[in-house]
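Subject: Structure for your review

Dear colleague,

My findings follow after it, and I would ask you to read them with the model open.

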Amino acid sequence: MARVLLFFLFATPLCFFSQIGPRVWQDHISLNRCNSVSKLGSKIYASNGVGVVRFDEAELSPEAVTKINGLHDVGVKLVRGNTYNNKLLVIFDNCNIDVIDLNGNISNYPDFKLKIFAGKKIINEVTFFKQYAYLACGFGIVMFDTEKQEAKETFIIGPGGSNLEVYQVALNDSLIFAATPLGLFKSNYKTKDLNNFNNWLPVAALPAGAYSGVVQADGKVLAAYSPNKANPNVQMQDTLYILNNNTWSRYQALSQGYTVYKMGMTNGPLFSMLNDFGLLVVNVNTGAPSNFITSYNGNTDFKIVDAYF
């Protein structure tokens with residue numbers, strides 16, 4: 001599955017045109033730039049920022065999905081699928097949210113888009129746990145119920161109850177982690193009230209500072225300590241840490257001297273990260289790379305690869 005997704009992200013410049021009659025709107029969906037990809041059932045969803053193209057995994061037959069024929073907005077930032085209940089979230093730049101089910105039905109949750117509040121209004125990433133989507137936002141974390149399609153909780157985790165941007169969220173069997181500019185924060189979602197900011201504390205065993213991402217793969221949590229996130233001029237000094245058997249340590253499987261710009265999709269024991277050289281997919285247990293994409297159309301600049309991650 002990972003190979004199929006990577007194929008569409010990096011190896012397939014596409015452009016689709018719908019055949020139409022007079023006085024009918026026409027779709028032009030180009031995937032020369034793809035900013036997000038995910039899977040729902042046998043369908044692969046890829047976004048170029050304007051709309052979404054849906055592929056059947058077996059037939060690879062493309063179908064454009066835009067505001068003209070189902071989406072409720074433009075400017076797609078993320079597509080993320082939940083294998084627990086086969087719901088796919090389409091996150092728009094303005095924080096509007098569409099939910100697509102296994103049959104292709106699309107419903108809309110506009111409340112986040114319409115709500116006015118203090119803080120940075122942005123959704124950086126989505127992490128699923130059962131039917132819940134944990135939205136890493138510019139002010140904290142929103143727990144979104146993909147079944148009821150409602151915001152169940154909002155967690156403001158900054159010091160003194162202040163807004164704190166969250167880049168990514170990860171959960172294991174009892175703990176929830178948040179990668180932030182101030183450190184990797186954690187709480188126990190089984191025993192603690194996550195609405196109480198006092199229950200969110202930086203992980204004492206890890207260095208203080210910015211963390212660009214955090215993911216869970218095969219029961220292990222990986223966190224990217226990133227001085228580059230705080231200061232883009234600092235290059236090749238990031239460090240990946242792993243939580244295994246309740247103990248944090250440096251992830252030794254990767255050589256030192258890299259920048260982790262983003263932690264990406266996980267699939268069983270596989271996790272992905274975007275570093276200075278490209279998109280790296282690694283088996284967390286063996287440290288062996290599964291895929292390593294170092295160029296797109298011959299360009300080795302990571303910023304080019306970033307547009308496809």
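Two residues are in contact when heavy atoms of theirs lie within 4.5 Å. In this sense, and leaving aside residues up to four places away in sequence, Phe 155 touches Tyr 134, Gly 140, Ile 141, Met 143, Leu 194, Asn 195 and Trp 200. Please bear in mind that the model is a predicted one.

**The chain as a whole**

The chain holds 4 helices and 26 strands. Of its 309 residues, 52% are buried. The chain exposes about 14000 Å², and carbon and sulfur atoms supply 50% of that area. Among the contacts between residues at least 6 apart in sequence, 42% join residues at least 24 apart.

**The largest nonpolar core**

Phe 155 also has a place in the largest nonpolar core, which has 17 residues. Phe 155 is one of the residues that touch the most other members, together with Tyr 134, Ile 141, Ile 157, Val 169, Ile 176 and Trp 200. The elements that give two or more residues to this core are strand E12 (132–137), strand E13 (141–145), strand E15 (168–171) and strand E16 (175–180). The largest share, 3 residues, comes from E12.

**A buried glutamate**

Glu 125 belongs to strand E11, which covers residues 123–129. Is Glu 125 buried or exposed? Its relative accessibility is 4%, and the limit for a buried residue is under 20%, so Glu 125 counts as buried. Not counting residues up to four places away in sequence, Glu 125 touches Leu 78, Arg 80, Tyr 134, Leu 135, Ala 136, Tyr 167, Gln 168 and Lys 262.

**An open sheet**

Strands E3, E4, E5 and E6 form an open sheet in that order, and the pairing is antiparallel. Its edge strands are E3 (36–40) and E6 (62–65), each of which pairs on one side only. From one strand to the next, the twist averages 25°.

Within this sheet, strand E4 (residues 43–47) and strand E5 (residues 52–56) are joined over 5 bridges in the antiparallel sense. Here Lys 43 stands opposite Asp 56 in E5. E5 also pairs with E6, again in the antiparallel sense, over 4 bridges. In that pairing, Val 53 has Ala 64 in E6 as its bridge partner. E5 and E6 form a hairpin with 5 residues between them, and Leu 60 in the turn has a positive phi of about 55°.

**The cysteines**

A disulfide is a covalent bond between the sulfur atoms of two cysteines. How many disulfides does the count come to? The count comes to 0.

With kind regards

Notes: Residues numbered from 1 in each chain as written. Predicted model: local features only at pLDDT ≥ 70, side-chain atom pairs only at ≥ 80, totals over all residues. Heavy atoms only, no water. Buried < 20%, exposed > 50% of the residue type's maximum accessible area, 1.4 Å probe, protein only. Areas by Shrake-Rupley, 256 points an atom, 1.4 Å probe, with all protein chains shown as cover. Disulfide = S-S within 2.5 Å. Pairing = 2+ DSSP bridges. Axes fitted to C-alpha atoms, helices over the stretch in contact; angles between N-to-C directions. Core = buried A, V, L, I, M, F, W, Y, C linked by side-chain atoms within 4.5 Å.
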